[in-house]
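Good morning, and thank you for coming.

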Amino acid sequence: MKRAKSDRKRRIHSLITFDDWYPPAYIIIFDLDAPAPHPQISHCSALNHHLYFQSSYRVIRDKDWHWDSFDMAPSFPPLLASKVTLANGKTIPQIQLGVYMMSGAEVTKSVHWALLSGYRAIDSAQMYHNEREAGAAIRGFLSSSENTLGLTREDIWYTTKLANCSADYDEVRKSIKRSVEVSGLGYVDLFLLHSPYGGKNARLTSWKAVEDAIDAGEVRMGGVSNYGAKHIEELVGSNPRIAPVINQIEVHPFNTQTGIRNTCLKHGIAIEAYAPLVRGMRMKHPRIQELATKYACTPAQLLVRWSIQHGMITLPKSVRRERLLENASVENVDISGEDMGILDGLDERLVTDWDPTETA
């Protein structure tokens with residue numbers, strides 16, 4: 001016979017994990033206050049010796065397999081709650097999921113897993129051809145039973161980008177509206193000009209369209225991407241009504257972009273680092289391996305932590321559920337000043353994809 005809810009106490013005796021420590025791993029919790037051990041099984045993942053619970057829980061209470069709710073707040077990697085304050089006084093999640101080169105199916109799964117794991121920011125673009133899937137995955141999670149925290153649209157940060165700057169103002173405004181509509185999210189938190197290609201007139205006209213989209217409520221904030229120092233100076237020198245708050249560029253120890261970063265710092269523009277994991281190209285580098293061993297972390301975690309300690313917003317990408325958690329689980333990695341200098345010294349101006357920062 002079931003005891004009254006008021007009499008139920010939850011004393012966890014032990015946790016047993018298996019399935020190679022990766023999702024979907026299972027845990028069994030024994031409730032010592034039950035008449036006999038009743039196993040509770042749910043999804044979780046275990047990384048860095050921490051258990052990050054993925055959903056609400058249920059515990060088997062009786063021999064006839066009745067289920068009762070077992071309330072426990074989800075636990076996430078702490079740095080997923082970390083935010084950076086922008087020049088306009090607003091904040092942005094410091095660790096975000098980038099969905100570059102993900103198929104629609106991959107985006108659907110990865111965004112859902114990311115939100116379930118504690119991520120609160122998704123970075124897409126018109127050129128990625130997955131805005132629709134990214135928006136649908138966000139909306140789907142928010143309306144699902146797995147949204148146990150009761151998150152709303154306001155809790156999720158969504159970024160997208162203009163494919164091409166254009167001197168045709170009306171075309172840019174239409175393009176921004178299409179991105180908002182396709183996502184189905186009602187508005188875009190951050191809209192970026194994806195590159196400086198197209199020339200000065202196209203860049204400044206496109207920025208005017210972003211300003212007006214902000215005024216219209218379609219976009220909350222504006223920024224740029226792949227802008228070199230001269231493009232930043234050009235935009236700031238045009239005395240825009242609304243200043244850009246972000247420049248998203250490729251940054252990692254093998255391409256530190258010091259000049260661009262210093263220019264952005266001068267103008268109060270935050271740096272978002274894409275390809276922070278160097279697209280896997282330098283994971284076996286001797287220095288990376290050496291320091292990852294020293295700090296008892298993976299090479300990917302070392303690279304993510306490097307960008308965080310430089311105060312950047314970082315966009316590690318993964319289509320694997322366990323990696324999403326691993327990339328963010330860097331709260332116990334504290335790289336010394338000396339070792340940060342060693343990592344900074346690895347700069348070889350490595351470009352892993354494209355580099356529009358020097359375009360005219």
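**Overview of the chain**

The chain contains 10 helices and 16 strands; these are DSSP runs numbered from the N terminus, with helices (H or I) of at least four residues and strands (E) of at least two. This is a predicted model, in which local features need pLDDT of at least 70 and side-chain atom pairs count only at pLDDT 80 or more, while totals for chains, interfaces and linings use all residues. Residues are numbered from 1 along each chain as its sequence is written, and side-chain values use heavy atoms, with hydrogens and water left out.

Of the 360 residues in the chain, 53% are buried. Here buried means under 20% relative accessible area, exposed means over 50%, and partly exposed lies in between, with a 1.4 Å probe and protein chains only. The accessible surface of the chain comes to about 15,800 Å², and carbon and sulfur atoms hold 53% of that surface; such areas come from the Shrake-Rupley method with a 1.4 Å probe, and for residues only the protein chains shown count as cover. Among contacts with a separation of 6 or more, 69% join residues 24 or more positions apart, where contact means heavy atoms within 4.5 Å.

**Pairs of helices**

I turn now to the helices. Two packed helices are described by the angle between their axes and the distance between the axes. The axes are lines fitted to C-alpha atoms, for helices over the stretch in contact, and the angles run from 0 to 180 degrees between N-to-C directions.

Helix 1, residues 104-117, crosses helix 2 at roughly 35°, and the two axes come within 8 Å. This crossing is right-handed; the term applies if the near helix is turned clockwise from the far one by less than a right angle, and left-handed applies if anticlockwise. On the side of helix 1, the contact is made by Gly104, Val107, Thr108, Val111, His112, Leu115 and Leu116, and on the side of helix 2 by Glu133, Ala134, Ala137, Ile138 and Phe141. These residues divide into 8 nonpolar, 3 polar and 1 charged. In this scheme Ala, Val, Leu, Ile, Met, Phe, Trp, Tyr, Cys and Pro count as nonpolar, Asp, Glu, Lys and Arg as charged, and the others, Gly among them, as polar.

How do helix 7 and helix 10 pack? Their angle is about 160°, with the axes 11 Å apart. Helix 7 is therefore roughly antiparallel to helix 10; angles over 145 degrees count as roughly antiparallel, under 35 as roughly parallel, 65 to 115 as roughly perpendicular and the rest as oblique. The crossing is left-handed. Arg287, Ile288, Leu291 and Lys294 of helix 7 make the contact with Asp339, Ile342 and Leu343 of helix 10. The residues of this contact comprise 4 nonpolar, no polar and 3 charged.

The axes of helix 5 and helix 6 come within 9 Å and cross at roughly 20°, and the two helices are therefore roughly parallel to each other. Helix 5 passes helix 6 in a left-handed crossing. In this contact, Ala229, Ile232 and Glu233 of helix 5 meet Ile260, Thr263, Cys264 and Lys266 of helix 6.

Helix 5 (residues 229-237) also holds Glu234. Is Glu234 buried or exposed? With a relative accessible area of 18%, Glu234 is buried. Apart from neighbours within four places in sequence, Glu234 is in contact with Lys200, Arg203 and Leu204.

**An enclosed helix**

Helix 8, residues 299-309, is largely enclosed by the rest of the structure, because 10 of its 11 residues are buried. The elements that cover those buried residues include helix 6, helix 7, strand 16, helix 9 and helix 10. After helix 8 comes Gly311, with a positive phi near 80°.

**Residues in loops**

His129 lies in the loop between strand 10 and helix 2 and, at 67% relative accessibility, counts as exposed. Ala275 lies in the loop between strand 15 and helix 7 and counts as buried, at 9% relative accessibility.

Finally, Tyr100 is found in the loop between strand 9 and helix 1. Tyr100 is partly exposed, with a relative accessible area of 24%. Leaving aside neighbours within four places in sequence, Tyr100 is in contact with Tyr128, Arg279, Lys317 and Asp353.
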